[in-house]
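Here are my notes from going through this one. Have the viewer open while you read.

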Amino acid sequence: MKPSVYITRKLPDEVVQPLLEKFTVRMWESEEVAVPRDVLLQESERADALLTMISDSIDAELMGAAKNLKVISNLAVGFNNIDTEAAKQRGIVVTNTPDVLTETTADLTFALVMAAARRMTSAERALRDGEWTSWSPLGFTGQDVWGTTIGIIGMGRIGEAVARRAKGFGMDVLYCNRSRNADAEEMLGALRKELDELLAESDHVVMLAPYTDETAGMIGARELALMKPTASFICASRGGIVDEDALYDALKKGTIWAAGLDVYATEPVPSNHPLLSLPNVTAVPHIGSASVRTRMEMMRVSMQAITDVLEGKSPKHRVV
């Protein structure tokens, strides 16, 4: 009997075809709607492999019922949706898709820096709503990006890629990281700072740290109050790292200039979320890696990981 693979979201037929040639493949029928929990539990019971999305909760309960499960291939860089300790205890391999989405996510992150600083989304809304009736000296003015200081929290692959873009804009680069990034310092002239220093000195603060017990809620009212009133805050890593209530208050009161958000504590973010009501918030729906080429490559990497494990090989991007 062929090993069984379950895919938790509908993927293009041409991407799935290589798996069909080797394994029994079942797939949730919707691209837009997440697989219901009861269906996921039922399918996992007979699966040798799961190809999961960041929105799927893969916890100890599910793994306990999945007696044949050998590998969980997560279609994302992050894997905080998976109980990795439970996987480790059960000998289940967990993989992710780093590297392939680095540049695409950096593009989106820097786009948020520019859009937030220059108030591009609120200006576009004003134009579409017919509110642009004449030119005025300070109409739709924002903050500069060129020649300013960017502070990057989490100087990993994506952080370095954002820093390279920042250097093209003549920006000074500060970074905060658990360990020193000598390459970023040597090649990009990045300066390592403690978090409070970075917040106080940066014109654009970019959050790219992974979501962990250490980083959960690390940006709250105290940290936001350290920032310049002309500074913007960008979050493109994971929701839950910033206290969204504190961020709303800081933006509403003018403690900081603007925010650019790609991730949220609850996803999909509710349409009535207070942050979405603010004109100085640029918000997009978790599209950091959303280019056609990158998403297709992420799928390929995920499927290769499943193939490797089920054929007794070591996968390239193993988390556990």
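Some numbered points on strands, a helix and a surface patch follow.

1. Before anything else, keep in mind that this is a predicted model.

2. Strand β1 (residues 4-7) runs parallel to strand β2 (residues 24-27), and the two pair over 4 bridges. To get from β1 to β2, the chain goes through helix α1 (residues 13-20), giving a β-α-β crossover that is right-handed. If you want a pair to click on, Ser 4 has Thr 24 in β2 as its bridge partner.

3. Next, helix α5 (residues 102-117).

4. The buried set in α5 includes several threonines, Thr 102, Thr 104, Thr 105 and Thr 109, along with Leu 108, Phe 110, Leu 112 and Val 113. Ala 106, Ala 115, Ala 116 and Ala 117 are also buried.

5. Have a look at what follows α5: Arg 119 has a positive phi, near 55°.

6. Last, the surface. Leu 127, Trp 132 and Phe 140 make a nonpolar patch of about 360 Å². Is Trp 132 buried or exposed? With 53% relative accessibility, Trp 132 counts as exposed, since the cut-off is over 50%. You will find Trp 132 in the loop between α6 (120-128) and β6 (149-153).

Technical notes. Residues numbered from 1 in each chain as written. Predicted model: local features only at pLDDT ≥ 70, side-chain atom pairs only at ≥ 80, totals over all residues. Heavy atoms only, no water. Pairing = 2+ DSSP bridges. Right-handed = clockwise from strand over helix to strand, strands pointing away. Buried < 20%, exposed > 50% of the residue type's maximum accessible area, 1.4 Å probe, protein only. Patch = residues over 30% accessible without salt bridge, like charges linked within 9 Å, V, L, I, M, F, W, Y side chains within 5 Å. Areas by Shrake-Rupley, 256 points an atom, 1.4 Å probe, with all protein chains shown as cover. Salt bridge = Lys/Arg side-chain N within 4 Å of Asp/Glu carboxyl O.
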